[in-house]
Amino acid sequence: MEPYYAGVLSLLPPIIAVVLALTTKEVFSSLMIGILTGTCIYSFGMGESMPVIRTVEHAFTLMVDKVDFSIIIFCSLLGSLVYVIAMAGGSRAYGKWASQKIKGRKSALLATSGLGAFIFIDDYFNCLTVGTVMRPVTDTYKISRAKLAYIIDATAAPICIIAPISSWAAAVGSNLKSTGVFENEMDAFVATIPWNFYALLSIVMVILVSVGNFDFGPMRRAEIAAARGEEVRDAAASTNDEMTVHADGGVLDMVIPILSLIVFSTLSLLYVGGYWGEDPAYHSIASAFGNTSAGPALVMGSFAALLVALIQFVGRKLLDLKTFMQGVLRGVQAMIPANMILCLAWCISGVCRDLLQTQVYISTLVQDDASLAGVMLPPVIFMIACFLSFSTGTAWGTFGILIPIVVSVAQAIDPESSLTIIALSATLAGSVFGDHCSPISDTTILSSAGSGCMHIEHVATQLPYACLIAASAMAGYIVAGFTQSVVLSFGVAVVIMVCALSFLHWYNSKRDSIEDHIRAAEAEKSAADK
């Protein structure tokens, strides 16, 4: 299909999908209406005959073209692994063990945050693995699935974008190399890390939320509902509560398959990247990660981990072969909602990028702002990157579009100063914003799936946090444009965010705390038992 430049109309599909999803709390129909809106604009804009029929035809054609079957298979295999681990009793045993080692809600939240930061190689891998491991622990301490989903999401893309050895660093490096401005693209990427205010502030926010009662807005309501045992959870994830769990399962029945997943996935990423291949250019870890493809590698890693679980569980007679395979199928079924949302999200992104040329419209806005004084370039670039990534749900697509433009504009304004690095960092930071919190972002969807949280609840509860971080980062970039001092500009951003959180904390402290609700729920249960 030939692209059609729709101008400002190219923004309608994602806006309609997001508004409908937040309003109706129903994500499937919202995404589908957004997709059909985009293909309708395309059909009428191209002057096609029978535009109504072509609207539907284009929607499903694009849906088929944009599906990444490697990621779908990886999600399905990981769902199977989670299910059979639970059937074998590994999840329950791990939950009991972890609740003895991890004392209290703060420790559970910090442990979740630490694991999310530790798995920095790939955001897809992070989202599903951390949820699988930590969900039994957070459930024990009545931490809401929405809070778990937020921590997973906030330690996925924001961590990957500042990790020099990750699939994200490789993607950014390839875009930097194509500009021809930097002598070493990895050095340029490392130079952007201190200026990536959104990613750094996201980490600070996660720590503050973990150690203090800084919940506000929809997240606070979700935490109160979880404390009182009234939380509404994802129906697919709740099927685990209805399965037959083997009584002899132990902690190692959880740990060994998950460690196998981590080891085999890492080795697969290196293998696909050519680490053991014939080309010596990829015989280093950094270059292999830069050349790898996450989808096929994660499929191999998850399949190998499932084989380890098969040998372990069937060999120890925790499960027989028939029961194990039934668990595999049920795990795939549990991932169907997440896979469907992924397919629809990829499709609406394709509508914006491939059919309606949203990136061309946004690029025009950036080029029109090229006459801006250098002091205003970082905040303007940050806002545009935030808007584009939120609209399309992709950070990689956003910085792939903006990096060449931003570098040329910054070089034209002041090639001798650090403005290029600051503007580049603002581009990456804004790109991560959308990937972190957009309803049509794949990592947002996978965070919901990994935590067992309803997708639209995850979006609604974390959006105020993300917007507060973005506003603080925006203030930092305004100061950076004037001072080009990373210490001063990041310090201003941190102070603004902490002051806002402190005010919200003071306001909420006048009311009852989450711990009060937990104690009240326990008292009510005790009274009912008597």
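This report walks through a few features of a predicted model.

## Two helices side by side

Let's start with a pair of neighbours in the sequence. Helix H20 covers residues 377-392, and helix H21 covers residues 395-413. How do they pack? Their axes lie 11 Å apart and form an angle of about 165°. Because angles over 145 degrees count as roughly antiparallel, H20 is roughly antiparallel to H21. The crossing of these two helices, H20 and H21, is right-handed.

Which residues in H20 meet H21? They are Leu-377, Ile-381, Ala-385, Leu-388, Ser-389 and Thr-392. On the H21 side, the partners are Thr-398, Ile-401, Leu-402, Val-406, Val-409, Ala-410 and Ile-413. Sorted by class, this contact of H20 with H21 has ten nonpolar residues, three polar ones and no charged ones.

## Cysteines without a bridge

How many disulfides does the structure hold? The count is zero. A disulfide is a covalent bond between the sulfur atoms of two cysteines. Cys-347 shows how distance matters here: the closest cysteine sulfur to its own belongs to Cys-343 and is 9.2 Å away, too far for a bond. The cut-off for a disulfide is a pair of sulfur atoms within 2.5 Å.

Is Cys-347 buried or exposed? With a relative accessible area of 0%, Cys-347 is buried. Cys-453 counts as buried too, at 3% relative accessibility. For both, the reasoning rests on the cut-off for buried, which is under 20% relative accessible area.

## Apart in sequence: Leu-259 and Ala-305

Next, have a look at Leu-259, which lies in helix H14, residues 252-272. Leu-259 is 46 residues from Ala-305 in sequence, and in space the two are 8.3 Å apart, going from C-alpha to C-alpha.

## Two loop residues with positive phi

Where is Met-50? Met-50 sits in the loop between helix H2 (27-45) and helix H3 (51-66). Its phi is near 50°, a positive value in a residue other than glycine. At 56% relative accessibility, Met-50 counts as exposed, because the cut-off for exposed is over 50%.

Lys-142 is in the loop between helix H7 (123-140) and helix H8 (145-154). Lys-142 is not a glycine, yet it has a positive phi of about 55°. Its relative accessibility is 27%, so Lys-142 counts as partly exposed.

Methods: Residues numbered from 1 in each chain as written. Predicted model: local features only at pLDDT ≥ 70, side-chain atom pairs only at ≥ 80, totals over all residues. Heavy atoms only, no water. Axes fitted to C-alpha atoms, helices over the stretch in contact; angles between N-to-C directions. Helix = DSSP H or I, 4+ residues; strand = E, 2+ residues; numbered from the N terminus. Parallel < 35°, antiparallel > 145°, perpendicular 65-115°, else oblique. Left-handed = near helix turned anticlockwise from the far one by under 90°. Contact = heavy atoms within 4.5 Å. Nonpolar A, V, L, I, M, F, W, Y, C, P; charged D, E, K, R; others polar. Buried < 20%, exposed > 50% of the residue type's maximum accessible area, 1.4 Å probe, protein only.
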